[in-house]
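We will go from stop to stop, picking a few residues each time and looking at what surrounds them.

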Amino acid sequence: MLYPKNIEEKLGFNKIRELIAKNCLSAWGVLYLDKMRFSDDYEHIRKLTAQTQEMKEILLFDEPFPTQNFLNVQEALQKIQIQGAFLTETEFFDLKSSLSAIRACALYLQARKERYPQLADLLKLVEIDKKIFQRLERVIDDRGKVRDTASSLLQEIRRKIISEEHNLQKTTEKILRQAKQAGWANEDASLTIRGGRVVIPIAAEHKRKLKGFVHDESATGQTVFIEPAEILDLNNALKELQAQERREITRILAELTDFVRPFLPALQKAYQFLGLIDFIQAKAKFAVQINASAPAFEKKTKILWKNAIHPLLWLLHSKENKPTVPLNIELSENQRIIVISGPNAGGKSVALKTVGLLQYMWQCGLLVPMAEGSVMGLFQDIFIDIGDEQSLENDLSTYSSHLTAMRQFVNLASAKTLFLIDEFGTGTEPRLGGAIAEAILEDLYEKKAFGVINTHYGNLKTFAQNKKGITNASMRFDTKNLEPLYELEIGQAGSSFAFEIAKKIGLPKKILAKAQEKLSSAEINYDKLLKELEQERKTLRDKLQEVLQKEQEYQVLLKKYQEQTTFLEKERKKLLNEAKAEAKRLLQEANQKIEQTIRQIREQKAEKEITRELRKELETFKQNLVEEIVEESSENTEFEVLEGEIVVGDWVRIKGQNTIGEVLQIQGKDVELAIGELRSVVKLNRLEKISKKEVKNEQRKFASKNLGINLTEKLANFSSQIDVRGKSTEIALQEVDKLLDDALLAGFNEVRILHGKGDGILRKMIREHLKKYDFVASFSSEHADRGGDGYTIVKIK
């Protein structure tokens, strides 16, 4: 139930309707807007708000929604119902265009039915037979005219009309040329139409020289428009054809109307869909305009709003570039009634209207402007007493009108009622008015109704303080500048600041002094206490604001630190991956060089001298490779150069290079260095002493021994003997080949192969295989005391 009857005007909802109407694309949408009503049906409200929220998401984030040709064809649909009536070409064209709009909307939603289920549910209204689209397309063209092909007779008539028009024009132009040559018509004269017939403009003084019929003359009378006698029959024939065309078009339109008539119920449902879609998109556009959303919705009598905004006030302030202070408020079982006090013009009435308007909007299916985390509840009744309802007709004063409203409140209120009362108890003698207001408030409290009231009465503040479920609240006030801040603060009653405001306005001091004398000490102390509490709250708020600001600064710094830490970790992993990739490249290059050297020794059947040259070349490659690794590991690294004598154990750098190494021993002017795993001799005067500590730090980052290409270590682990006992011939021969390759690389002249005695088959196969190698000088069995035929001793050239 709603009270009073003009609640929409009281809350300003009528202006909301006007703003939404501007967003409607058709009369269909406006029709549904006019039907919009307050509802207490939870499922219905949930459905309406969900539809609007989905359309809002489409407007903001999806492809453009079809909005063309939302035409009003209501009169045409009514005409179709009448037997014998038929639609005009224009009406059919509008019907065709609007049905195309319905189909476009339906296809759009059908393609997104999983994303927008509430809107897609409306598609059940659209069940238009394809035959209607096909028939309309076949008869009506894109200009809204009946097509030539609509019937064979119409096609034949129009073909004849074109032919007759051509003959008529040709004959008339010939006559006009002759008239110009004879000087009867001006040189710039041209054919024209009068009374639906082709005529020639002739100078008035020559009108009798051309046989024909005068149809009109110019305003000055100097020109007459003559239909030459020669074209009379042609004009008559054309007129007859045009009449035949109109009759055939009428027949086609009547036939088309008869065809559409049986589908009228389906068409009416389809236009319901179009109207609903128009209405919903208008509501969604308005939601975008006021930054409205769909908060959580519970089937309870409650309000939990965060940063709620009065939409009309916000729109007004936006035009004036003024801020709008949001409202934070909660009504629940533990806080059913809020008593707001504070100075006049402090925002009490705006807060009250904001509560009423937003709740009313929501229960009409509109989205509301408030922050995330808000919760909307459901009320069965909304009662308001805002503004002056005095009436000369009904002999009601201001106070009487308030009491009339209160009678309705106390008689009809329930636990599902939301009541809003502005300036509770005013309009009569304060002491009596306050007593009546307190009794009414107590009755509403006992009925467990929910509500917000504004008052200046101290007895109501005291009542709220002593009753569980009723809470005092105040509009914040800047006590220093004596200006309202328009912020609602729950939990404490507010002072009216009457004396302070009077003083600021300039009321004489003696008047203020006398006024204070007339107050009782209890009243003065109570008001003083409220002011002191307001000041203390302001101080606490300022301190809290400082703490929050520092917390925000801390969070910003913490976020920067975490971002930098993440960045450095990514960079570390990136550098490590690059180092591994480079190490892999160098290893592949080294292995390729080794394989190439062995292949050359084999292919060229190299002698010892050539083999030594190849080994020397390989050793040079190895040294260059290690130097490259060392240089890369210390690239862009600046080491501190130290003064003093270079001794064993020092770290040094070769002057002019990035190569660094550790001093192993010093012999005269020659220094043996350990450069990674490489040993190298460098002249003492080419070295400079560097910081050992810095080198150790760099080694942790770039230890060359971890690159996995230590050739020296590989050679140092070489064994000149293998054991192939129990292995297949194929695997045994592969291991023999590897043994010989490594022996050549390491410079060994002799290797031993343990194959065992057995039947001698493996020994025979190995020795046959050895004969293929030109660099094998000889092979033989071991001495009988050391294994005899179980071993093959291979001599390498």
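Select Trp651 and Ile690 to begin this predicted model: Ile690, in β20, is the bridge partner of Trp651. Now widen the selection to both strands. β16 (residues 651–654) and β20 (residues 687–690) run antiparallel and are joined by 4 bridges.

Are its faces covered or open? Both are covered: Trp651 and Arg653 are buried on one side, and Val652 and Ile654 are buried on the other.

Nonpolar side chains tend to be buried together in soluble globular proteins. For an example, select Phe13, Ile16, Trp305, Ile329 and Met361. In the largest nonpolar core, which has 54 residues, these five touch the most other members. Helix α13 (residues 348–362) supplies the largest share of this core, with 8 residues. Apart from this core lies another one, of 49 residues, including Ala76, Ala120, Ile128 and Leu267.

Zoom in on Ile16 and display what surrounds its atoms. Beyond its neighbours within four places in sequence, Ile16 is in contact with Phe286, Pro311, Leu312, Leu357, Met361 and Leu366.

**A buried loop residue**

Move on to Leu122, in the loop that links α7 (117–120) with α8 (130–139). Is Leu122 buried or exposed? Its relative accessibility is 6%, so Leu122 counts as buried. Setting aside residues within four places in sequence, its contacts are Gln51, Phe273, Leu276, Ile277 and Ile280.

**A lysine without a salt bridge**

Select Lys180 in helix α9, residues 152–181. Lys180 is buried yet has no salt bridge. Which side chain of opposite charge is nearest to Lys180? That is Glu187, 5.4 Å away, whereas a salt bridge would need the nitrogen and a carboxyl oxygen within 4 Å. Residues up to four places away in sequence aside, Lys180 touches Ala185, Asn186, Glu187 and Ala189.

**Backbone stops**

Finish with the backbone, using your torsion tool. Asn69 is not a glycine, yet has a positive phi of about 65 degrees. Look for Asn69 in the loop between α4 (42–61) and α5 (74–81); with 38% relative accessibility, this residue counts as partly exposed.

Asn321 also has a positive phi, of about 55 degrees, although it is not a glycine. This asparagine lies in the loop between α12 (311–319) and β8 (327–331). Asn321 is exposed, and its relative accessible area is 72%.

For the last stop, go to Tyr3 and Pro4 and check omega. The peptide bond from Tyr3 to Pro4 is cis, with omega near 0 degrees. Pro4 sits in the loop between β1 (2–3) and α1 (7–11).

Note on methods
Residues numbered from 1 in each chain as written. Predicted model: local features only at pLDDT ≥ 70, side-chain atom pairs only at ≥ 80, totals over all residues. Heavy atoms only, no water. Helix = DSSP H or I, 4+ residues; strand = E, 2+ residues; numbered from the N terminus. Buried < 20%, exposed > 50% of the residue type's maximum accessible area, 1.4 Å probe, protein only. Contact = heavy atoms within 4.5 Å. Core = buried A, V, L, I, M, F, W, Y, C linked by side-chain atoms within 4.5 Å. Lys, Arg positive; Asp, Glu negative; His and termini not counted. Pairing = 2+ DSSP bridges.
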